[in-house]
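Hi,

Here is the structure I promised to pass on. Please open it and keep it beside this email as you read.

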Amino acid sequence: MEREQDKPVQVISDHEGPVLCLCELEDGTLASGSGDSSIRLWKRASGSDKTFHCVGVQKEHTDTVRSLASLPGEIGYLSASHDTTVRSWGASGAAKVFMGHSALVYDVKATRTAAGTVIAASASEDCTCRFWSVSYTHL
């Protein structure tokens, strides 16, 4: 028997493919990545701590979005895709495309160095990890 506390507070089915990844941005926005090649951004509805609504859709990837990572200290994020690219995103949308992998990119993470530089690390089916310098000047 399903108990009341076991029920989700909200179910959203806006994606047209399987949802494969989520990340929380610095401002509390949630990002979701999907097999439909899109990223959707979700904010809490005004006056609610449980209800989210879609505030943006990014469709620049040409294949499955496999991983998302928040950029430390900024309102931005990274995405990794089966289209072999990593992208950095800011408030205005896609800011930079990192190309170099020759196969699906499965994961991406971001870290800040002691000097304050943000480094993105990507992992691919091409048997490599690549490290990219992310500049906030383009976000």
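Start with the sheet. Three strands form an open sheet in the order β9-β10-β11, and their pairing is antiparallel. Strands are DSSP runs (E, at least two residues), numbered from the N terminus. Two strands pair if DSSP finds at least two bridges between them. Strands of a sheet pair through backbone hydrogen bonds, either parallel or antiparallel. The edges here are β9 and β11, each pairing on one side only. From one strand to the next, the twist averages 20°. For that angle, axes are lines fitted to C-alpha atoms, and angles run from 0 to 180 degrees between N-to-C directions.

A note on the source: this is a predicted model, where local features need pLDDT of at least 70 and side-chain atom pairs count only at pLDDT 80 or more, while totals for chains, interfaces and linings use all residues. Residues are numbered from 1 along each chain as its sequence is written, and side-chain values use heavy atoms, with hydrogens and water left out.

Now look at β9 and β10. Seven bridges join these antiparallel strands. They form a hairpin with five residues between them. In the turn, G116 has a positive phi of about 95°. T111 has I119 of β10 as its bridge partner. D107 stands opposite A123, also in β10.

Next, Y106. This residue lies in strand β9. The cut-offs are under 20% for buried and over 50% for exposed, with partly exposed in between (1.4 Å probe, protein chains only). Leaving out residues up to four places away in sequence, Y106 touches R66, S67, H82, A123, S124 and E125. Contact means heavy atoms within 4.5 Å. The C-alpha atoms of Y106 and S124 are separated by 5.5 Å, though the two residues are 18 apart along the chain. The side chains of Y106 and E125 make a polar contact (2.3 Å). That term means a pair of N or O atoms within 3.5 Å; within protein, one must be able to donate a hydrogen and the other to accept it, and residues adjacent in sequence count only if both atoms are side-chain atoms.

On to the inside. The largest nonpolar core has 12 residues, including A69, L71, V105, V108 and V134. Such a core is a set of buried Ala, Val, Leu, Ile, Met, Phe, Trp, Tyr and Cys residues joined through side-chain atoms within 4.5 Å. Four strands each supply at least two of its residues: β6 (77–81), β9 (105–112), β10 (118–124) and β11 (129–134). Apart from this core lies another, of 10 residues, with L25, I39, L41 and Y77 among them.

Last, the rings. How many aromatic pairs does a search of the whole structure find? There are two. Rings of Phe, Tyr and Trp (its six-membered ring) pair if their centres lie within 6.5 Å; planes under 30 degrees apart are stacked, over 60 edge-to-face, and the rest tilted. Y77 and W89 are stacked, at 5.8 Å centre to centre and 10° between the planes. Y77 is in β6 and W89 in β7 (residues 86–90), 12 residues apart. Y77 is buried, at 3% relative accessible area. W89 is buried too, at 0%. The rings of F98 and W132 have centres 5.4 Å apart and planes at 50°, so this pair is tilted. Both F98 and W132 are buried.

Best wishes
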